[in-house]
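Here is my note on the structure, as requested. Please read it with the coordinates open.

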Amino acid sequence: RAAHLVDPTFPDPPLCALIGFVSLLVGGITAAAVSGKFHIAPIEWRAFGQKIVGGFLMSGSAALIPGGNDVMLIYGLPSLAPHAVAAYTAMTLTLFLLFWLKKRVLFATVKTAA
């Protein structure tokens, strides 16, 4: 995607992305099997839902930033591009807010349970 920002005629590499994904998956399973830590566990639906929502938020946010996070960090911020500064500021403030909320909710739950 970053190459398209520089040269819109650059071809899409869907096969490379598929090969990379499959390689990552097979490598992870192989490493877990070799280390003896590979096992299939039942699905915890609450955690599954949280991860799906988190994935949608991350991918949606990455799609809104021109070029994605890597372009923002490598090219946008050092050049002080206004869109990169705004995107990085929004991302940092959002993370701060979410960690703050998690801490308040987690501690509120612990205090109520005790």
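1. The mean pLDDT over the protein chain is 80, and 82% of the residues score at least 70. Where pLDDT is low, the predicted coordinates should not be read in detail.

2. The protein chain contains five helices and zero strands. Read from the N terminus, the order of elements is α-α-α-α-α.

3. Helix α2 covers residues 14-35, and its length can be checked. Its 22 residues, at 1.5 Å a residue, should span 32 Å; the C-alpha atoms at its ends are 32 Å apart, so the two values agree. After α2 comes Gly36, which has a positive phi near 80°.

4. Of the 114 residues in the protein chain, 8% count as buried.

5. The largest pocket holds about 740 Å³ of space. Its lining comprises 18 residues; Leu57, Met58, Thr94, Leu95 and Leu98 are the ones nearest the pocket centre. Helices α3 (45-64) and α5 (82-113) each contribute at least two residues to the lining of this pocket.

6. What is the make-up of the lining of the largest pocket, in nonpolar, polar and charged residues? The lining has 11 nonpolar residues, five polar and two charged.

Methods: Residues numbered from 1 in each chain as written. Predicted model: local features only at pLDDT ≥ 70, side-chain atom pairs only at ≥ 80, totals over all residues. Heavy atoms only, no water. 1 Å grid on protein atoms, 1.4 Å probe; cavity = no way out; pocket = protein on both sides within 12 Å on 5 of 7 lines; lining within 4 Å. Points joined across faces, edges and corners; volume = space filled by probe spheres on them. Helix = DSSP H or I, 4+ residues; strand = E, 2+ residues; numbered from the N terminus. Nonpolar A, V, L, I, M, F, W, Y, C, P; charged D, E, K, R; others polar. Expected span 1.5 Å × (residues − 1). pLDDT = per-residue confidence, 0-100. Buried < 20%, exposed > 50% of the residue type's maximum accessible area, 1.4 Å probe, protein only.
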